[in-house]
Amino acid sequence: MLQIVSTQEFLSLSLILDVRSPNEYHNSHISNALNFPVLEDSQYQQIGTLYKQNPFNAKILGASMICENIAKHLLRLKELITPSKPFGIYCARGGMRSRSFGLVLDNIGYQVCLLQSGYKGYRKVVTQSLDATPKHHFLTLIGQTGSGKSELIEAFTNSLNIEKLAKHLGSSFGHIYGIQPNTKSFQNALFTRLKELENAPFVLVEGESKRLGSLILPSKLYEAYQKSPKILIISPLQERIERILKQYGNISETLFYQAMQKIAPFMKKEFWEDAKEAFAKGDLPKVAEILLLQYYDKVYKKESYNHSLAFKNTHDTLQEICEIAKLYYP
């Protein structure tokens, strides 16, 4: 028998199928959900158009298409899960598409759970969650560009890596990861990661600005980690240059010059020209040094902090951070 379950119960399932059209899925979806569309994009559009003219005929045509597509999915599903293990299916609103697939699978012998109110209901839970103050205990890393904050965040198990989720490094040159997710996908990823961290003793996060490229962080989350204890991470210039080269060393010429145009109003012209000239010569260490000293360090907002640590190596610095965390979250 089909079960209709809450979002919380649905997200605990080990396998989740999104049966919406590929375009709907690619626009945004529940993290880790697999796309098993019961209507392809062209079919979904065709049914929608026909429904406005003749709902009954649209249902007939839609049902025939859904049956055809379900038949293609059955053998694929057999390789993913056994009848003894429950799994989830959702569509846009928990209506015809998920129920159609679910009824077939239920009659075969699978244990199928449908998401109450579908993806629309899930998105409501996501936005409500992100509109509330998170209950997590944050420890926030701040420091100059290239000081090693990102390395520490990446290496720590209970961290919230906002830059990674946003696919942006939070700077004028931060687009090197390519196209950013849209707002819904970013929110879904934040929601999922925060749920994974609910029982963490503390969460390590970088003191990001509220905007990363085209994305804006939820206000309550931003306020929470900005108000949390802060640790200043310090590294010598040469190590910072090496980190910048590791992160940005493969930057394209187009992206470099686009970013340089953005920062032109904030740099003295002579240094701006020097950086462009060094890039043209392939002297990337010189470019990094100029940008760190003449741009990033000067625009970096000096913040108050509770502790400061010299970056030694990732392991030892994280050990020191954990010791500091005990002062606040014993």
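## Basis of the model

Because the model is predicted, local features require pLDDT of at least 70 and side-chain atom pairs count only at pLDDT 80 or more, whereas totals for chains, interfaces and linings use all residues. Residues are numbered from 1 along each chain as its sequence is written, and side-chain values use heavy atoms, with hydrogens and water left out.

## Helix H4

Helix H4 comprises 24 residues, 55–78. Helices (H or I, at least four residues) and strands (E, at least two) are DSSP runs numbered from the N terminus. The expected span of a helix is 1.5 Å times one less than its number of residues, so H4 should span 34 Å, in agreement with the 34 Å between its end C-alpha atoms.

Ala58, Gly62, Met65, Ile66, Asn69, Ile70, His73 and Leu77 are the buried residues of H4. Buried means under 20% relative accessible area, exposed over 50%, and partly exposed in between, with a 1.4 Å probe and protein chains only. Their cover includes strand E2 (16–18), helix H3 (41–53), strand E4 (87–90) and helix H5 (96–108).

Ile47 lies in helix H3 and counts as buried because its relative accessibility is 13%. Not counting residues up to four places away in sequence, Ile47 touches Leu39, Ala58, Leu61, Gly62 and Met65, where contact means heavy atoms within 4.5 Å. Ile47 and Lys59 are 12 residues apart in sequence, with their C-alpha atoms 7.8 Å apart.

The second largest pocket holds about 430 Å³ of space. Of its 16 lining residues, Leu39, Tyr44, Ile47, Met96 and Arg97 are the closest to its centre. H3, H4 and H5 each supply at least two lining residues. The lining divides into nine nonpolar, four polar and three charged residues. In this classification, Ala, Val, Leu, Ile, Met, Phe, Trp, Tyr, Cys and Pro are nonpolar, Asp, Glu, Lys and Arg are charged, and the others, Gly among them, are polar.

On a 1 Å grid over the protein atoms alone, a pocket is an open set of points with protein on both sides within 12 Å along at least five of seven lines, while a cavity is a set where a 1.4 Å probe fits but cannot get out; lining residues have an atom within 4 Å of a point. Grid points are joined across faces, edges and corners, and a volume is the space filled by probe spheres set on the points.

## The largest pocket

The largest pocket has a volume of about 1200 Å³. Among the 43 residues that line the largest pocket, Glu163, Leu169, Gly170, Glu206 and Glu208 are the closest to its centre. H11 gives the most to this lining, with five residues. By class, the lining has 12 nonpolar, 18 polar and 13 charged residues.

## Cavities

There are two cavities of 30 Å³ or more. The largest cavity, of about 190 Å³, is lined by 14 residues, of which Ile244, Tyr248, Val287, Ala288 and Leu291 are the closest to its centre. Helix H11 (237–248) and helix H14 (284–299) each give two or more residues to this lining, and H14 gives the most, with six. The lining has 13 nonpolar, one polar and no charged residues.

The second largest cavity has a volume of about 30 Å³. Its lining consists of Ser150, Ile153, Leu160, Asn161, Ile162, Glu163, Glu206 and Glu208.
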